[in-house]
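Here is a briefing on one structure. Please keep the sequence and the 3D view at hand while reading.

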Amino acid sequence: MVPTLSRSQARRIAVRAQALEAERPADVLDVVRRLTFIKVDPVSAVAPSADVVLWSRLGEAYDPADLTRALEVDRTLFELDLMIRPMEDLPLFRPIMRAAPAYERTRDWLAANATFRGDVLVRLSAEGPLPATEIPDTSAVPWSSTGWTNDRNVQRMLELLGDRGELAVAGRRDGARLWDLAERVYPAAPAALTDDDLDDDAAYRRRNERRLASLGILREGRGSSSPGEPIDTRGIGEPVQVEGLRGTWRVDPEALARVDEPLAPRTALLSPLDRLVFDRRRLGELWGVEYVLEMYKPRDQRRWGYWAMPILHGDRLVGKVDATADREAGALRVDAIHEDEPFTREVVEAVFGELDSLAAWLGLEVAGRAVGLG
């Protein structure tokens, strides 16, 4: 008999899986291991999204230099497809690298630019790590696209060779990726976990199991919990029903075993790209709230703000904070705090406490506190 979970139980599973309980993770590596990845995004209304995700878990103890050190010195983390991952997960992506690129058009472009590929590898071998701007474009055939990658030949070649595991992101300089030969970046992967240990099917299953564990509970089927990060929950985890919702869900077995353990609650301000809230359908079904990232909307069409941060209180999403870091003025400007449900005094104090913590971490002063201002 398939067990039925209450929505509160489902939410507790999701919050615990995302390391958002009162007991905080040990360090940056611990967070990324538990989340499986953190997305890199250039928008920095408050701080870069990856840093906000880590601050939400680690608090003021988090130093962005710790992330840089893990990526560029210790090599306990690596960046692939604009996502930061634990190095021990690299073997799970080796089968994808061996098969890349997946599309015939891309394979044809690489074949037509064999000399260009060789030029890139030689340049990086001699001078790497380098940003794309320091690598000459010697392409014989330009990359054509209706999107922003059109004629961005160097960038496209670097990314494709990264997909194939020939190159890797060695670090960043002023936000720009530095590329190098993969063998200079990836050797730190534990010897006990080599790509020879996993065939394509085993790696595919393990990637999906890791993604389910990081989110706790997902609908059964194929979908995406984040752009570029597909997930197939069919046949993994444990099947459950969620009270009041149709269809079958899948739960990480370890999470299901702890379903009756009380959640150690706390309040957290989340990046709009945080994986707890990124799946908008799941957000509506389990939390009953609506959220849309409005940075691409005209100002007069925004309900919550350019970079409104969802507010987690225990297992509930109770509102959103419209805040912006004004570093020139030394202020974290809070233009509005929107309530998805009426705030109690406890919630108000907890939200203000998180704003104080965020401002202290940024080295700023909070300005413009107001609950319910539009």
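The notes below cover strands, helix packing, aromatic rings and backbone geometry.

This is a predicted model, in which local features need pLDDT of at least 70 and side-chain atom pairs count only at pLDDT 80 or more, while totals for chains, interfaces and linings use all residues. Residues are numbered from 1 along each chain as its sequence is written, and side-chain values use heavy atoms, with hydrogens and water left out. Helices (H or I, at least four residues) and strands (E, at least two) are DSSP runs, numbered from the N terminus.

- Four strands make up an open sheet with mixed pairing, in the order 1-10-11-7. Two strands pair if DSSP finds at least two bridges between them.
- Strand 1 (4–5) and strand 7 (217–219) are the edges. Each has a single partner strand, so one side of each is left without a neighbour in the sheet.
- Strand 10 (residues 238–242) and strand 11 (residues 249–251) run antiparallel and are joined by three bridges. Glu238 is found opposite Val251 of strand 11.
- Helix 10 (residues 200–215) lies across strand 7 and strand 11. The helix runs at about 115 degrees to strand 7. Axes are lines fitted to C-alpha atoms, for helices over the stretch in contact, and angles run from 0 to 180 degrees between N-to-C directions.

- Strand 14 (residues 316–326) pairs with strand 15 (residues 331–339) in the antiparallel sense, over eight bridges. Ala325 has Leu332 of strand 15 as its bridge partner.

**Helix packing**

- Two packed helices are described by the angle between their axes and the distance between the axes.
- Helix 6 (residues 104–112) and helix 8 (residues 153–163) have axes that come within 12 Å and cross at roughly 110 degrees. That makes helix 6 roughly perpendicular to helix 8. The class spans 65 to 115 degrees; angles under 35 count as roughly parallel, over 145 as roughly antiparallel, and the rest as oblique.
- Thr106, Trp109 and Leu110 on the helix 6 side meet Asn153, Arg156, Met157 and Leu160 of helix 8. Contact means heavy atoms within 4.5 Å.

**Aromatic rings**

- Five aromatic pairs turn up in a search of the whole structure. Rings of Phe, Tyr and Trp (its six-membered ring) pair if their centres lie within 6.5 Å; planes under 30 degrees apart count as stacked, over 60 as edge-to-face and the rest as tilted.
- Trp55 and Trp361 are stacked, because their ring centres are 6.0 Å apart and their planes are at 20 degrees. Trp55 is in helix 3 (residues 49–58) and Trp361 in helix 14 (residues 345–362), so this pair links distant parts of the chain, 306 residues apart.
- Trp55 counts as buried at 1% relative accessibility, and Trp361 counts as buried at 15%. Buried means under 20% relative accessible area, exposed over 50%, partly exposed in between (1.4 Å probe, protein chains only).
- Phe78 and Tyr186 have ring centres 5.6 Å apart and planes at 80 degrees, so the pair is edge-to-face. Phe78 lies in strand 3 (residues 77–80) and Tyr186 in the loop between helix 9 (182–185) and helix 10, so the pair ties together parts 108 residues apart in sequence. Both Phe78 and Tyr186 are buried.
- Trp55, Tyr62 and Trp361 are linked into a cluster by ring pairs.

**Charges over rings**

- Arg280 lies over the face of Phe278, 5.2 Å from the ring centre. The charged end of Lys320 sits over the ring of Trp304, at 4.4 Å from its centre.
- A charge sits over a ring if NZ of Lys or CZ of Arg is within 6 Å of the ring centre and within 35 degrees of the ring normal.

**Backbone geometry**

- Most residues other than glycine have a negative phi, and most peptide bonds are trans.
- The Ala100 to Pro101 peptide bond is cis, with omega near -5 degrees. Pro101 is in the loop between helix 5 (94–99) and helix 6.
- Gly128 and Pro129 are joined by a cis peptide bond, with omega about 5 degrees. Pro129 lies in the loop between helix 7 (114–127) and helix 8.
- Arg75 has a positive phi, near 60 degrees. Arg75 is in the loop between helix 4 (64–72) and strand 3, and counts as buried at 15% relative accessibility.
- Asp151 has a positive phi, near 65 degrees. Asp151 lies in the loop between helix 7 and helix 8, and counts as partly exposed at 46% relative accessibility.
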